[in-house]
Amino acid sequence: MSTSLSAPGAASGRPLTADAGPLALCAREPRVPAERLVAEMVPPPRFDAVRFDTYEPDPAQPSQAEAVTVLSGFAAGLGGAHASGSGKRRWFGRGAKPAAAAGPRGVYLDGGYGVGKTHLLASLWHATPAEPALKAFGTFVELTNLVGALGFQQTVQTLGHHRLLCIDEFELDDPGDTVLVSSLLSRLVEQGVALAATSNTLPGKLGEGRFAAADFLREIQGLSAHFRPLRIDGQDYRHRGLPQAPAPFSDEQVTKAAYATEGASLDDFPGLLEHLARVHPSRYGALTDGITAVCLTGVGPVPDQSTALRLVVLADRLYDREIPVLASGAPFDGLFSDDMLNGGYRKKYFRAISRLTALARDAKPLVSQ
């Protein structure tokens, strides 16, 4: 699948050479065709090789080992024919309508950031005995973007033939998305699709501390019935036993590293935040195509919540693709204000800090000692 990029030399998707100088993400305006959105509904590169046996439960947190056991059994139970009974795809709604599944048709992994929920969700996808074309994996944002690209009915037809749909970082950020996803998942359950999701909150708690919480809770009460909640306790594994993240570097060090690193990008942080407002979040993954390291100068606190939420999405895409982030300015734990870190989106912001810190640690070798 192709992606068009407005920056000269970027359409090929190949990393730029160091001799050509770093690319600016701000110069890229990717156009992502709908078929790419469907084809990319698989675990991201960081989770290509993860399996249940590569997950390392914390001995002090028995819920982690229990989650592996429960999910392994759930995957094994998805073998055999599709829940419609035929094991064959039913196009355009033809054929007998399958009976609604009794009881929950999914599992819901609840826990704080960094306890390995995405690792377990991707392991479930890999362990489910079905060909990749019959399994889908994507973030909540990617799922809503897919509906926007294909339309609701076509999305139901496309995903309704699947054995499993995995939704990472299940979030309900506005009432419109709440109704949309609630309706979509209800239709997919009727089609016999099994569901699995991760989130930082229990299904009945989504939306608390956010605008129009009553609207969220009214919709979620029906939605949560589709899932068996599975609590996973623990500390952030990304920083468990690891040295403190490196302090920000100087502008000169970051710029020098960008020019010396093949395929690196170089951007001024305030300018990048402005650019993100002009690119739809569904394209942030394509924005990083061919990039081997992201270098940022002048990192500082984000000015408002809309900007902060866009940065969260970019941090997720960079983390998924294992792209190191080298930065000057303020440390990443100073990106979000106290009001943001105490508000309804606080778990998103803490996840972003955690992931950016891990990527900053990965970027440290780029700076010449």
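**Exercise 1. Classify phenylalanine 170 and phenylalanine 227 as buried or exposed.**
Phenylalanine 170 has 1% relative accessibility, so it counts as buried (under 20% relative accessible area; exposed is over 50%, partly exposed in between; 1.4 Å probe, protein chains only). Phenylalanine 227 has 4%, so it is buried too.

The model is predicted: local features need pLDDT of at least 70, side-chain atom pairs need 80 or more, and totals for chains, interfaces and linings use all residues. Residues are numbered from 1 along each chain as its sequence is written, and side-chain values use heavy atoms, without hydrogens and water.

**Exercise 2. Count the aromatic pairs, then classify the pair of tyrosine 108 and phenylalanine 227.**
Start with the rule. Rings of Phe, Tyr and Trp (its six-membered ring) pair if their centres lie within 6.5 Å; planes under 30 degrees apart are stacked, over 60 edge-to-face, the rest tilted. The count is five aromatic pairs. For tyrosine 108 and phenylalanine 227, the centres are 5.3 Å apart and the planes at 85°, so this pair is edge-to-face.

Tyrosine 108 is in strand β1 (residues 106–110) and phenylalanine 227 in strand β5 (residues 227–231), so the pair ties together parts 119 residues apart in sequence. Strands are DSSP runs (E, at least two residues), as helices are (H or I, at least four), numbered from the N terminus. Tyrosine 108 and phenylalanine 227 are both buried.

**Exercise 3. Classify the pair of phenylalanine 170 and phenylalanine 227.**
The centres lie 6.2 Å apart, with 75° between the planes: edge-to-face. Ring pairs also join Tyr108, Phe140, Phe170 and Phe227 into a cluster.
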